[in-house]
Amino acid sequence: IEHIKGSSVEKLSLTTTGCPLVIQCRNFRVVHFVVQRERDCHDIYSSLLRLLRPVSYEEVYAFSYNPKQNDQQREEGWQIIDLGAEFERMGVPCDQWQLTNVNIDYKVCETYPRDLYVPITASKPIIVGSSKFRSKGRFPVLTYFYQEKKAAVCRCSQPLSGFSARCLEDESMLQAISKANHNSRFVYVMDTRPKLNALANRAAGKGYENEDNYSNIRFQFVGIENIHVMRTSLQKLLEVIGTRSLSMSDFLVGLESSGWLRHIKAVVDAAIFLAKAVTVEGASVLVHCSDGWDRTAQVCSLGALLMDPYYRTIKGFMVLIEKDWISFGHKFADRCDQLDGDPKEVSPIFTQFLECVWQLTEQFPQAFEFSEWFLLQIHEHVHSCQYGNFLGNNQRQREDLRLRERTHSLWAFLMSEKQNYLNPFYSPAYSEAHPVLEPSTLPYHFKFWRNMYHQFDRSMHPRQSILKTVLTMRENNRKAESTLQALEKVMQRQEEDDDDDEQEEVGEEATESTDTERTVEGSSGTESRKQSYGELEGTYNSESAKEEPAVVSLEFGVARMTC
Amino acid sequence: MWRMLCSDSRYNRRAEAPCASPATTCSSRTGRRAALGRFCCSSGTSMPLRKVWKTFWATPASSLMQATVKKVWKTFWATPASSLMQATVKKEYLNLQGRLLSSVKICTCSSLTSQAWSSVSTLHALSRPSDANLPDQWGLSSPEKHYSQMKELHDRWRLSTVNREYLVCPSYPPAVIVPKNIDDDMLEKVAKFRQGGRFPVLCYYHKKNGTVIMRSSQPLTGANRKRCREDEQLLQAAIEGSDKGYIIDTRSSQQALQASMTGGGFESKSCYSSWKRLHRQMERGKALQESLIKLVEACGDEYHNMDRWLSKLENSKWLSHVQTALSTAGLLAECVERDGHSVLVYGSEGKDSTLLISTLAQLIMDPYCRTLEGFLALLEREWVQAGHPFQQRCAHSAYSHARLQQESPVFLLLLDCVWQLWRQFPLALGFSEALLLRLATEAYASNYGTFLCNSDQERCVLGLKENTHCLFQALLRPRERDCYSNPLYEPTELAIWPSVHPQSLQLWRGFFLRRTPQARHLEEVQEEIRNMVIKWGKLALS
């Protein structure tokens, strides 16, 4: 096993057939092995345990993964995403916002990237002062700029206010953010925690902004639970859906008691609040939670996704993840348990974000350029450690590890396979007409994401995929069109024929060519379906790889390679 | 519903205009309702209805009334909600009125108003709108046609007309398919042994291995284990040449035992030695109705709380019923297709869950049933002709103060299950979700005569075939066909085994959440996507 994808190995009690071994993977796959001899089983068990918990980054698969690319290609792969260009796209730097170099050596804040954007009126002492007043030095910086209304989305961590402390620099920092937006006289400050948690933090010398000290803010709690709640919630959910011969009632009761969908809804609600404040009221918003790298990242990125159609394209979504998650220091290494670390730090925050995006794609089938396979593939590789993008906890660590020289970029790989992740129903016209999405968060709009949590339980999925059919259909159309064009060119050369004849012939030949393609496609479709549908009760059938749509078999191929 | 219409002054004015004949002199709302109720439906049987009907049309003043009814009807149909459920209509209606949507929780339809309502629908269906340019033929399928289409059947099965006067079994059609060596006298005796005279008849012949699905009602063995030689012979004849057959009882064995205390029962092992009984408990009647009421209430709840929604959804048990229905149908199909044995299905009366699972099993196994025509023909055979009492079951839907014993959304459950199948096999079914939605609407309130009455006999007495149009024919007109067919349809000869894991089943959002604002947006998008797909499909073909 080359990857560290498994999350836990369990040795079950001895049975007559041998020693059963259960591996639970982080992509929610569960594999059962039965090893005949107990000693072998134990050997496998202990070596797996060792493999699952690499002690240093040197053992991680990304450093040995080699897709047969030369250094130049590798470098190009890393250059696909350029955050400087992204801020330029948003219209920053501008007359109100500028690039600051205070963090160029990671002196002010270790977990932030080097390049940060702050209001033009925020001087260096203000920034440094503000960062001292914020947990982990994460002072307010720009993450998204809504050009139309000149409103900004900023992020930071909680202030070290305790019960009464205040900091003038921090106050003037918020003042500066407020001044940078002429549309609104105040800044929303969103604390994404439940009020109770924020209050509890005050006892530890942290807390939240006091509205009396900050002249121009509107303070708001949102109530997203912390990483520990999320972790147990997902664990409960997985426990429920892992039960054999689950009844409908138990499933729904389990879904309810796990609270997973409730948390998803809370995150989406917060993002909607953010998007409304920015797009409708034109106010700037400052988002924070405790340290400003979990809930803040979720809310900021999801809010931006709602506001900006660019982020709903494949490239844009990569940029969004790179910006709000990777560069602003979401602790991927800790949250995804890349190294043997503190189990208390592990939490499915990013998974949750992907699921929120999926829920949105279900509500707006035409608004996203990518399909759910794109999200699943990203999820897979966040945990696979095959690519360097998600290694480490922040940019500084990544530079220390020299990831750009030693590993490959996932984005390059995904870009090269872009065809597989396209949503055939995507309509740029729709995005133009609805630049800002307004999802409904009535509870019945949230569904259980079967393809995420049961990706490898074939028996559960629809046997036929609309997605695949439509994609093939479009592909065929494209081919037919190119044939048509080629034929037209040929025709143009043969100028002796008169126009009418030409037209007809082109039509005929094109029809022929498409017809053959159609039949080929049709027959392959039935062929793939001819393999038995599996039992009613659903036994796992590993031979039927062909049965699945192309995108899945691709997923499957990767998965098999890794095991 | 009627009251709802009347409560609007516009309608009131129109409704009160023709007050000439004694039957229609009713200026007050209650008076009108009472009159209408008396007029058509209050007696509950169909004979008086016809008489009243005739006299009604005979009086000259009634033509005015007819016009009114039509007008009201048309205005009503012009509103976007085509009376899916009474509550949703009301919601929609209030939407139009610009009032608050959430203020309406439960529609207050008294039994009387809904009776008036059903009478209106009867009136209208019988008035035979002239704009419909429909073929005169009524219906798509009949037992005779079914029999003559299946040549393989002929050496062991025959078409019996023992029920041509509806005397042997009032709820069966005049012709039924039975084993060849069982004569009509024996059938009459068997009918006496089965509840409601519903003796075992063939409903599906599986061409691949020659096995069949039969359906009946429960045998009347009673507490002292009565026997009926003819019944035993009939069943034996059905599986001639095979070592055994299955009986699928849609009650639990406990329930079956209880039924035998009250005169019903089940086939004992000793008398039917080559038959193996399988019990699968399926909810029916009142429990199903309660479930629908709870679900619709949960869907109308605008409260933003995830836990509350999930617990209400769970509490309604509707999805559990869907799961049970699909897995029982899967079992039935498995017996036939995989195990290669014939099956007899019944519940107690054999008019509800029996039809449900036999229909689903046919959809699973028979490629022809998955085409648009095939599906409609299947519904006609298995539901309309086999005597599902539509008038009793689909009178009020979810919102009604009168919790009638007979009301039960079995047909809706069927449509939901078909939708689940369609979702899991989007290419294998020749029709679209829109068809299912249309059928769900039509079953409760219809311009057509198809879903009127409780059985073939009643329809015959009322002369529905002469006086109304057939819905199924209407759905196959070219324009309708375009809109109800599935653009991605790719016929497959194989059985489509649905997954019944709870994770694979979903709430039928297109139906139950049809009237939410978001749903409308989604519907538009889906329509657009559909057009896109059709366009690509045409491109690929041209």
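Before using any annotation I noted that UniProt positions are given in the numbering used here, that feature names are shortened, and that annotations may be inferred rather than shown by experiment. The model is predicted, so I kept in mind that local features need pLDDT of at least 70 and side-chain atom pairs count only at pLDDT 80 or more, while totals for chains, interfaces and linings use all residues. Residues are numbered from 1 along each chain as its sequence is written, chains are lettered from A and ligands numbered from 1 in the order in which they are written, and side-chain values use heavy atoms, with hydrogens and water left out.

**Entry 1: the annotated site.** I looked up the annotation "active site", which the unreviewed UniProt entry places on A:Cys289. I found A:Cys289 in the loop between strand 10 (284-288) and helix 10 (295-307) of chain A, where helices (H or I, at least four residues) and strands (E, at least two) are DSSP runs numbered from the N terminus. Is A:Cys289 buried or exposed? A:Cys289 counts as buried because its relative accessible area is 2%, the classes being buried under 20%, exposed over 50% and partly exposed in between (1.4 Å probe, protein chains only). Leaving aside neighbours within four places in sequence, I listed the residues in contact with A:Cys289, among them A:Cys156, A:Asp191, A:Arg193 and A:Arg295; contact means heavy atoms within 4.5 Å.

Entry 2: The unreviewed UniProt entry lists "domain: Myotubularin phosphatase" for residues 77-453 of chain A. I noted that this span is 46% helix and 9% strand, with its end C-alpha atoms 30 Å apart. Chain A has 22 helices and 10 strands, and buried residues make up 58% of its 563 residues.

**Entry 3: chain A against chain B.** I recorded a buried area of about 5500 Å² between chain A and chain B, of which carbon and sulfur atoms give 63%; this is the accessible area (1.4 Å probe) that two parts lose on being put together, summed over both. The contact takes 57 residues from chain A and 60 residues from chain B. The rule for salt bridges (a side-chain nitrogen of Lys or Arg within 4 Å of a carboxyl oxygen of Asp or Glu) finds 1 across this interface. B:Asp307 forms a salt bridge with A:Arg262, and their closest N and O atoms are 2.7 Å apart. On the side of chain A that touches chain B, the elements giving two or more residues include helix 9 (260-279), helix 20 (466-493) and helix 21 (499-530).
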